[in-house]
Amino acid sequence: MSRPWVPRLAAAVLAASTVTLAACSGGSDGRPIIGLITKTDTNPFFVTMKKGAQDQAEKDGIDLRTFAGKVDGDNESQVTAIENLMALGAEGFMITPNDSRAIVPAIERAKEAGLAVIALDSQLDPPDAADSTFATDNFRAGELVGEWARAKVGEDARIAFLDLSPDQVSVDVQRDQGFMQGFGIDIGDPQRIGDENDPRISGHDVTDGAADGGRTAMENLLQRDPDITLVYAINEPAAAGGYEALKAAGKADSVTVVAIDGGCPGVQSVKDGQLGATSQQYPLKMAADGVTAISGFARTGVKPANPAGQDFTDTGVTLITDDPQSGVESEDTTSGAEKCWG
Amino acid sequence: MTTGFEERRQESVPDRVQHLLHGRPTLGPLAVLLLAVIVFSIINTRFLNPENLGLVLQQVTVIALLGLGQTLIVLTAGIDLSAGAIAVFSSILMANLAYDAGFPGPLALLAGLAFGTAMGAVNGFLVTRVHLPPFIVTLGTLSVFFSLNSVVSGSETVRGTDMPAIMTWTGETIPIGSFHLTYGSIIMLLLFGVFFYLLGWTAWGKHVHASGDDAEAARLAGIRTDRVLLSVYTVAGAVYAIAAWVLMGRLASADPNVGTEYNLDSITAVVLGGTSLFGGRGGVIGTLVGALIVGVFRNGLVLAGVQVVWQGFAVGLLVLLAVTIDQWIRKVRA
């Protein structure tokens, strides 16, 4: 059963890939190196962020190196990425933290070594562990769809929540609590999902932020309470799955769904009437501003900083809907489609 | 077993249960499923509503199909960590061939099924010809297929409305009163029937069991275990690709970001269904029951208003219990 070509083939493949890798990494030519470390490689939000950073890096003559965690929540890969960037002599890096607390010691080491650090999308814990943070105000994003939903559906809604995960992740908590605040629900502890006791809340379930989770969660919540009239979804893929469940139950026209993201498929869903409204955020801008700030540091030595008196730079959020409600500022889907991502 | 009637009468109750489960590994999971159904229907009367039961069946269809392919591999004492990756990548290939490359629907579908089968065959080739352990092989291909998935899709979702109707046909339902049966679920149930027959009543089925029970003995008995294994991995790939088609029907889209948990979910269904991770013992019907157990728990706990953190807790406990029982059964006195 011996097949001597197998080890030889394996050795050849290994040798070839080593040579290729060495050729790739030997390309530094005096341009300043800046890193981008995203949560994962696959989520369209981070794919867009990477694109924004690459475009800006090309304009500014920057050598951009990108890294990502393997899955959402993977802190270790991000720590390794920071260590690699320090070894490469990078000027600084942008990071969307997978674990906003656990990453801080690695960030402190990088700052001591003289790197500029910008948090993108989510704040670090504590927020001043980064030199500056470029992010969406997630609480405000939730609040906008909450205000819109209250004006659209009225105060007596029965509300289902399609949340992200059971772990009280900060983006999940901020959006969920912002929605409640906007709708006029007493939120209790703003750091906790699920401690409210408003009778209008029909139930919470988690979706992993994906369509399959959104569909299953919505089906189960509808079984528990068929009188649901309003659905809040953590993001647009979860909302799309939820909509499929509503459609299958014959409730697509009687239930209003709101979400947060502003991706192109989501804006299209608003246009098609599947989504009532969505809060649009701007990953391209976050990344481009981050590259500009760090390349500025490379040129002038002035570290990036947050606006005076604030702990992050708000990259903005806009309510996108074709059914504007009085008292809630919004733009239509034509404008949303021009600025959408993914 | 040569245990006579006289001896058996003196066995204790646990001994008798042990023997019973050894002979019929599906009985344990079935009992758990029935118990769960009873408990959840007492907590919330809606649970037994035909509409709700129809939903539970829809919710477990994809995982049950992945578990079906996984069962074949586990029966040969292997494991497939790439099941979900093959399914998700197949769905992306189907959708993109139709949407980007302009293939007619049926052709894109067939091509996707062929690709899925080929991905299974790659696993089989590495296991049987390069002699790598299944765990290592599928750990590698898991990563490879998920990466290719991101590359091909550009991390973009293809919406159902942009695809030929045949791609999402599996999501259409046949209403039976308020019970809604999807074509995807029908395909799933038919496939379980087919493999129940193939494993129980054909030479191929006996060879699969024998290869998992004791590969050396099987080889000495003249079974070409390499060929059996290759066929098992290839067939599993085909089943995963069918799961991909069913998945697109359920989501009305092809989403490259679903399915990161599918690999483990399919193994959970197999384990809960009483198929031994050490090979040779178990069967596909148990896997269907195992998938239903997970679906019933998830649905029942939400209906009961239990906090979502406890869903994973409950399923995890069940898995530990199932493996404990499996170990206990293996110590049966023959």
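How many Å separate the centres of domain 1 of chain A and domain 2 of chain A, taken over C-alpha atoms? The separation is 29 Å. The legends below describe views of a predicted model.

**View 1. The two domains of chain A.** Domain 1 of chain A takes in residues 33-136 and 283-311, and domain 2 takes in 138-280 and 317-339, according to the domain assignment. Over C-alpha atoms, their centres lie 29 Å apart.

**View 2. The interface of chain A and chain B.** On the chain A side, 34 residues make contact with 34 residues of chain B. The size of an interface is often expressed as the accessible area lost when the parts come together. For chain A and chain B about 2800 Å² is buried, with 51% of it on carbon and sulfur atoms. Three salt bridges are found across this interface.

**View 3. A salt bridge between B:Arg250 and A:Glu219.** The side chains of B:Arg250 and A:Glu219 meet with an N to O distance of 3.0 Å. B:Arg250 belongs to helix α11 (residues 225-251) of chain B and A:Glu219 to helix α7 (residues 211-224) of chain A, so the pair joins two chains. B:Arg250 is buried, at a relative accessible area of 9%. A:Glu219 also counts as buried, at 2% relative accessibility.

**View 4. Salt bridges within chain A.** Over all chains, the whole structure has 21 salt bridges. In one of them, A:Lys303 pairs with A:Asp131, the closest N and O atoms being 3.7 Å apart. This pair links distant parts of the chain, 172 residues apart: A:Lys303 is in the loop between α10 and β11 (313-314) of chain A, and A:Asp131 is in the loop between β4 and β5 of chain A. A:Lys303 is partly exposed, at a relative accessible area of 31%, whereas A:Asp131 is buried, at 17%. A:Asp55 and A:Lys51 form another salt bridge, with the closest N and O atoms 3.4 Å apart. These two residues are separated by about one helical turn, because they are four residues apart in helix α2 (residues 44-60) of chain A. A:Asp55 is partly exposed at 40% relative accessibility, and A:Lys51 is partly exposed at 47%. A network of salt bridges links A:Arg140, A:Glu143 and A:Glu147.

**View 5. The surroundings of A:Val291.** A:Val291 sits in helix α10 (residues 283-300) of chain A and is buried, with a relative accessible area of 0%. Beyond residues up to four places away in sequence, A:Val291 touches A:Ile34, A:Ala53, A:Gln56, A:Ala57, A:Asp60, A:Ile62 and A:Met94.

**View 6. Backbone geometry in chain A.** Most residues other than glycine have a negative phi, and most peptide bonds are trans. The peptide bond from A:Asp125 to A:Pro126 is cis, with omega near 5°; A:Pro126 is in the loop between β4 (116-120) and β5 (132-135) of chain A. A:Gln168 has a positive phi of about 55° and lies in the loop between β6 (159-163) and α6 (170-183) of chain A. A:Asp261, in strand β9 (residues 256-261) of chain A, has a positive phi of about 160°. A:Gln168 is partly exposed, at 24% relative accessible area, while A:Asp261 is buried, at 10%.

**View 7. A nonpolar surface patch on chain B.** B:Val13, B:Val17, B:Leu321, B:Ile325 and B:Trp328 make up the patch, with about 410 Å² of accessible area together. Helix α14 of chain B gives the most, with three residues. B:Val17, in helix α2 of chain B, is partly exposed at 36% relative accessibility.

How values were computed: Residues numbered from 1 in each chain as written. Chains lettered and ligands numbered in written order. Predicted model: local features only at pLDDT ≥ 70, side-chain atom pairs only at ≥ 80, totals over all residues. Heavy atoms only, no water. Patch = residues over 30% accessible without salt bridge, like charges linked within 9 Å, V, L, I, M, F, W, Y side chains within 5 Å. Areas by Shrake-Rupley, 256 points an atom, 1.4 Å probe, with all protein chains shown as cover. Salt bridge = Lys/Arg side-chain N within 4 Å of Asp/Glu carboxyl O. Buried < 20%, exposed > 50% of the residue type's maximum accessible area, 1.4 Å probe, protein only. Domains from an automatic or database assignment. Contact = heavy atoms within 4.5 Å. Buried area = accessible area lost by both parts, 1.4 Å probe.
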